[in-house]
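Hi everyone, thanks for coming.

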Amino acid sequence: TNFKNNYLREGSLPDGGYLLPVEWHDEIISALSQANILREIGRVIQTASEHKISIVATKPQAAWVAEGQEISFTKETFNQISLNAYKIAIAIKISTELLYDSYYDIEAHLTQEFSTAIGAAEEEAMLLGDGNNMPKGLIPTLTQSASGTLQTTGAEISADDLLTLQFSLRRPYRKNSVWLTSDAGLAMIRRLKDTTGNFIWQPSLTETEPSRLFGQPIYTSEFMPAPTAGNVAVLYGDFKDYFLIGERGQMEMQPLRELYAMSGQVAYLMTSRVDSVLSNPEAIRGLKIRA
């Protein structure tokens, strides 16, 4: 399909922008999942407005009672967290000659450029963001909680530290849990051996499966902090059920044709509105390197 025709046949002109064609939008979402590891291991949901999530603050307790004894009522209370919509944007200028060149796949080019840039910015903010015009990062969220992180026993990650982290989560959360660390963190973990001299890290048998640590998948992110003093170098928990990524509507493409017309260029601006949140603070924990 010619990019120009495909583009002009979609969207709504009065509001100044065009929604992406469905087939192209799906392709970019797929590429974003590959560019942002948190989209792969977390859960993406679509939101039409501010999305409220109720979480249990206090749980009811069962108690043994004697025959005929009055049963005491306990209370279950709830808090609320919200998925908002923070805007992320990218703009690229393309020459008109390149745009109309039928031998060049503009769709593939823009998909790759946009998805790589947006995916990287999303991943960094969702891990480290300060919440100022961007999502509040997972690591700052965990470090603000008294039980969100554990400290290593020494200056480096040990097998005992990893086991302590793993079993600090209650069993229901461990079932679907995964590990997340940096390349430097993975290198440190790969050097760990058990008492018989065997590496505890298990490489994947196929290219489509992740490697495993203590029987569960391990992933890496270039934005995870290095395993140095004071840093949260390893995350472990159930991302798929409890780390939520909210998408507000579809991504939008706007052409800026007149602004660069004199230089023979057309600019394309893409915007997306997303947020992320840890819905259950018990489901994910971090391992912090002792200072």
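Which side chain meets Arg170 in a salt bridge? The partner is Glu282, at 3.5 Å from N to O. By salt bridge I mean a side-chain nitrogen of Lys or Arg within 4 Å of a carboxyl oxygen of Asp or Glu. Arg170 sits in the loop between α7 (159-168) and α8 (171-174), and Glu282 in the loop between β14 (265-278) and β15 (284-288), 112 residues apart. Helices (H or I, at least four residues) and strands (E, at least two) are DSSP runs, numbered from the N terminus.

A quick word on the source: this is a predicted model, where local features need pLDDT of at least 70 and side-chain atom pairs count only at pLDDT 80 or more, while totals for chains, interfaces and linings use all residues. Residues are numbered from 1 along each chain as its sequence is written, and side-chain values use heavy atoms, leaving out hydrogens and water.

Back to our pair: Arg170 is partly exposed at 44% relative accessible area, and Glu282 is partly exposed at 32%. Here buried means under 20% relative accessible area, exposed over 50%, and partly exposed in between (1.4 Å probe, protein chains only).

The structure holds three salt bridges. Now for Arg39, which is linked with Glu122 and Glu247 in a network. Glu122 comes to 2.8 Å from Arg39, taking the closest N and O atoms. Glu122 is in helix α5 (residues 106-128) and Arg39 in helix α3 (residues 37-41), so this pair ties together parts 83 residues apart in sequence. For Glu247 and Arg39, the closest N and O atoms are 2.7 Å apart. Glu247 belongs to strand β12 (residues 243-248), so its bridge to Arg39 in helix α3 ties together parts 208 residues apart in sequence.

And are these residues buried or exposed? Glu122 is buried at 2%, Arg39 is buried at 5%, and Glu247 is buried at 6%.
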